[in-house]
Amino acid sequence: MAVENKQVLLKGYIETMPKETDMEVKVSEIMITNHNPPKGSSSILVKNLYLSCDPYMKARMQYYRRSYIPSFVPDQPIEGFGVSQVVNSDHPDFKAGEYVAGMTGWEEYTLISPNHTQQFRKIDLDNDIPLSYHLGLLGMPGFTAYVGFFEVCSPKKGENVFVSTASGAVGQLVGQLAKLHGCYVVGTAGSNDKVDLLKNKFGFDDAFNYKDEPNLVAALKRYFPQGIDIYFDNVGGEMLDAALRNMRNFGRIAACGILSLKNLSDPQSFYHLNNVIVKRLKIQGFIQSDYLHLFPTFLEHVTTLYKDGKLVYVEDIKEGLENAPSALVGIFSGKNIGKQVIRVV
């Protein structure tokens, strides 16, 4: 049986921020038979249900050889984390009808090769947890928040924690975990509505709109008169520079993202880098995949906290693959509120 397979393709490599016109929505056909995937291939055919929009995808839209993950291929479907249902399987670990999470194509149906099936995990259906949460709270962003805070930052009760892009997929969880750990937490976001969300839904001690602050160094001094112990950095740039000025001795900075970087050929200047030495700071970049041995512990811990009502999570869901390009582009200008997800319909 031949069925339509709507896809989102990358037209060509980009040099600056992504635009909707950098992508193309196309409809092809795929054959769904008992022999797709082919016998002996150890592949699985999945129907994608939810797809994740994440900042790291911008780097994959650029031609860049020195990354931890390869660039997308022009004229091929974009790839990203997804929640899918197995249609047919030639893999002994996966059966038709099962729900899985892993790296898949931005399309309705994807044939997953054995090289990629090892990255997939089964999802046990739970009426208390939406399937889409396996792309956020219980997916890569949630795990990034978990290992970045606990493994990289090594927090202590009573410490002062600052989180940038705090209402996003990662930041909202970092702040809540820090509060549960007994820390004082301040976050920043790009709108007053998001600031309200940080304080009144996620339970941050305080928050501010960075767009309203002409002097970020002074702003952080106001919110942290005693200095910052931990900075969970999602943006780099001026915010990181201001944080360096306001860190306490032996402070820790988890370098998670660099949203302020418009393109790879545009270097950023730092005026307070001397504080790394003077204050004996630790700055560590990290990738969640380096800590996959901790994923079962994370999954159990965060699931329990969520079911006990100690964590909340906010998603921004766009309907339909045809709206996927605008959803992805929107996360780089802050149009989303919470974790950006695409529901494939």
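A residue is called buried when its relative accessible area is under 20%, exposed when this is over 50%, and partly exposed in between (1.4 Å probe, protein chains only). At 8% relative accessibility, Tyr133 therefore counts as buried. The model is predicted, so local features need pLDDT of at least 70 and side-chain atom pairs count only at pLDDT 80 or more, while totals for chains, interfaces and linings use all residues. Residues are numbered from 1 along each chain as its sequence is written, and side-chain values use heavy atoms, leaving out hydrogens and water.

Rings of Phe, Tyr and Trp (its six-membered ring) pair if their centres lie within 6.5 Å; planes under 30 degrees apart are stacked, over 60 edge-to-face, and the rest tilted. By this rule there are 16 aromatic pairs. Tyr133 and Tyr306 are edge-to-face, because their ring centres are 5.5 Å apart and their planes stand at 70°. Phe143 and Phe298 form a tilted pair, with 5.2 Å between centres and 50° between planes. Helices are DSSP runs (H or I, at least four residues), numbered from the N terminus. Phe143 lies in helix α3 and Phe298 in helix α9, so this pair ties together parts 155 residues apart in sequence. Both Phe143 and Phe298 are buried.

How do these two helices meet? Helices α3 and α9 pack at about 100°, with axes 10 Å apart; axes are lines fitted to C-alpha atoms over the stretch in contact, and angles run from 0 to 180 degrees between N-to-C directions. In contact (heavy atoms within 4.5 Å) are Gly142, Phe143 and Tyr146 of α3 with Phe295, Thr297, Phe298, His301 and Val302 of α9.
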